[in-house]
Each structure stands twice: as structure tokens, then as C-alpha cells.
Amino acid sequence: NEGAKNAIWNINNGASLICQGGSSCREGKYNIKCIPGAVGCPVTCGGRESCRMLDLNITNVGEVTCGGIGGCKQANLKIKCLSNADDKGCPISCVSTNSCYEATLIATNAGGMSCLGGSSCKMANINIKCAKGVIGCPLLCGGVRSCPDSTIIGSNIGEITFQGREVAIGTSLNAECSKEKGCRITCSGVNHVQIQH
């Protein structure tokens, strides 16, 4: 636990960033350039508050998973997904309780954004630009109170789904849908949406 807490890293040709222990990468400041390869490097914050308040600037990313409880809570994540021949971008997921609570997440060349845990993206600031090779990437808030009072900006979006109890109350959404196919918007659940758009 707390293995690299408060650390400052500048790394070139990284292969992955895995923060598994509790508070293992908490409050660090990391600048990482991953190897430009076929799949991109994975970023995983799997421990309890493992990347809480982490300031991360990372390029050539293959996928991002904030999986621990509070895994990326209050983090500042600047992610540039890998751009390769397929140009499908990288999926970004906040899958546990409070995993991206009050986080700032800016992603370019993304393959989609999912907030699935309870309060996973509550009060978060999210700005995703979907990859050019994707004909509209998905934006999903699917957990109980997963995205209330959050600010979400997206471009080249293909599908927007708010599903769950009180999932998007007070949410501010500004989305540019895919020029090729537009985007489908689905809202379902109890007291699920009061969106400012």
C-alpha cells in the first residue's frame, strides 16, 4: 500500500501503468509516454483510492480502467489514446463506487466512456474527443447516481445512455454527435435525468 504515493515520474517508452494497492499511486504527478505499438499501454487503477488525486499526463494509451473503490477519485487525467492504423481509440471505464468522483478527465482519440459504479462519475468534469476511426463512440452512465452534477463534453459521439436511479440529475451535457450517423439518446430509470444541455 502507498507504494508510490506523492511520487513524481517522467517516463519515456512505458509499457503500462498498473496501480493495484490501496493508495498506491495517490497524489502522484506522472508524465508518461508509452511505446507507440499496435495496442497501446493499459492504465489500471485497481486498488482502493489507488490513483486518488493523481495528476497524470499519458500518451499512446490502449485502455483506461478506474476499477478500485475511489480508484481515480479527484484525479486529473489527461489521456491521449493510441492512434494506429485502425484508429479505434481506447475505451475509458469508471467501474466501481466513487471511482471517478470529482475527477477531471480529458481524453483525445477515445473509443468510448463508461461510468458504471455507484456515484462513479458524480461531480466529474469529462471531456472526450472520440477517435476518427470510430463512427460515433458510446457515452454511458449506468450506475446508481453515476453521473449527477457532472459536466460532460463530447465530440463524435454515436450513442448516449443514461440508465439507473438518479443517474444524471443536474448533469450538464454538451455533445457533438457523429456526422456520419448522428447519435441515439436513451434515458431510463427512476428520477434518472434532469440534464442541462
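The accessible surface of the protein is about 8900 Å², and carbon and sulfur atoms hold 47% of it; the areas come from the Shrake-Rupley method with a 1.4 Å probe, and for residues only the protein chains shown count as cover. The model is predicted: local features need pLDDT of at least 70, side-chain atom pairs count only at pLDDT 80 or more, and totals for chains, interfaces and linings use all residues. Residues are numbered from 1 along each chain as its sequence is written, and side-chain values use heavy atoms, with hydrogens and water left out.

**Fold and overall dimensions**

- The protein has 0 helices and 14 strands, where helices (H or I, at least four residues) and strands (E, at least two) are DSSP runs numbered from the N terminus.
- Along the sequence, the pattern reads β-β-β-β-β-β-β-β-β-β-β-β-β-β.
- The radius of gyration is 16 Å, close to the 16 Å given by the globule rule for 197 residues, so the protein is as compact as a globular protein of that length. The radius is taken over C-alpha atoms, and the rule is 2.2 Å times the number of residues to the power 0.38.
- Taken along the principal axes, the C-alpha atoms fill a box of roughly 40 × 35 × 20 Å.

**Burial, contacts and charge**

- Of the 197 residues, 48% are buried; buried means under 20% relative accessible area, exposed means over 50%, and partly exposed lies in between (1.4 Å probe, protein chains only).
- Among contacts with a separation of 6 or more, 48% are between residues 24 or more positions apart, a contact being heavy atoms within 4.5 Å.
- The protein carries 18 positive and 13 negative charges, whose mean positions are 2 Å apart. Lys and Arg count as positive and Asp and Glu as negative, while His and the chain ends are not counted. Each charge is placed at NZ of Lys, CZ of Arg, CG of Asp or CD of Glu.

- Cys94 is joined to Cys100 with an S to S distance of 1.9 Å. The torsion about their S-S bond is about -80 degrees, so this disulfide is left-handed. Cys94 and Cys100 are both buried.
- Cys141 is joined to Cys147 with an S to S distance of 2.0 Å. The disulfide is left-handed because the torsion about its S-S bond is about -90 degrees. Both of these residues, Cys141 and Cys147, are buried.
- For Cys187, the closest cysteine sulfur is that of Cys141, at 10.0 Å, which is too far for a bond. Cys187 is partly exposed, with a relative accessible area of 36%.

- Arg26 lies in the loop between strand S2 (17-19) and strand S3 (29-34).
- With 16% relative accessibility, Arg26 counts as buried.
- When neighbours within four places in sequence are left aside, Arg26 is in contact with Ala4, Lys5, Asn6, Glu49, Ser50 and Arg52.

Conventions. A disulfide is a pair of cysteine sulfur atoms within 2.5 Å.
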